[in-house]
Amino acid sequence: MIYILDLDGTLIDSRERHCRLMQEILSEAAPETVSGRVSGKRFDPAEFMRYKADGYNGLRYLTDRLELAEDTAYQIMALWQQQIEEERWLKLDVLYPDTLVFLNRLKQKHRKIYYLTARKNKEGLLRELERLKIADYAAEIKIVSPSGAREEKKRVVEDFLTKAGEDAGSVCIVGDTENEYYLAKELSLPCFLLNRGFRSERYWKDRGVESLSSLYEIEKNCVL
């Protein structure tokens, strides 16, 4: 069996990075900000992540939840996108508690592991994987652009399937967003979707898609 694994929201918990950066930008860049308050609405990191996990983007959070003017929200999101993969923020990323257990289990079963993720800062990601001590588990690491992640991931996997030949029938996708869902659906591949990262259980339920709360559940649901 060959496992193609997403990183953020699947193996890597990057929620603190997302929250801390937004909090800093709001406190420093938004003219309406006074003691952590924006337009009378307080930024709540947990609410921010829940809102995004339910399928809404950061811009909509700023306009709908914090009631910021649209031009201000666009400015804030531009700053957020510029900084989100800076080294100082990447250092906040950690592994989920089940990540090493899962990777070691795959290794023990002699499964091939490939990482497929969307990042702008490729060198920063490679350094992060070394810091988190999970780089060596992957036979290959493929990095696509966040702006066209869905189509780029599909092209990468199509190329991989062509090269895999007879082994292509044993490929499994593991991720936490609609990118992995549509990738698996369009290429008729088995897929496990998590609801602990950037898409919630509610998000998946609303779309009639089964999801899992942890990597441990993958082993419970199948033979690795």
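**View A. Leu5 and its partner across the sheet.** Leu5 stands opposite Val174 in E8. Strand E1 (residues 2-5) and strand E8 (residues 171-175) pair in the parallel sense over four bridges; pairing requires that DSSP finds at least two bridges between two strands. Helices (H or I, at least four residues) and strands (E, at least two) are DSSP runs, numbered from the N terminus. This is a predicted model, in which local features need pLDDT of at least 70 and side-chain atom pairs count only at pLDDT 80 or more, while totals for chains, interfaces and linings use all residues. Residues are numbered from 1 along each chain as its sequence is written, and side-chain values use heavy atoms, without hydrogens and water.

**View B. The open sheet.** Five strands form an open sheet in the order E7-E6-E1-E8-E9, with parallel pairing. Strand E7 (140-144) and strand E9 (191-193) stand at the edges with a single partner strand each, so one side of each is left without a neighbour in the sheet.

**View C. Helix H4.** Helix H4 (residues 70-83) has 14 residues and reaches 20 Å from its first C-alpha to its last, close to the 20 Å expected at 1.5 Å a residue (1.5 Å times one less than the number of residues). Its buried residues (under 20% relative accessible area, 1.4 Å probe, protein chains only) are Thr72, Ala73, Ile76, Met77, Trp80 and Gln83. They cover an arc of only 130° around the axis, which puts them on the same side of H4; the arc is that of the directions from the helix axis to the C-beta atoms. The face turned away from this buried side carries the exposed residues (over 50%) Glu70, Gln75 and Gln82.
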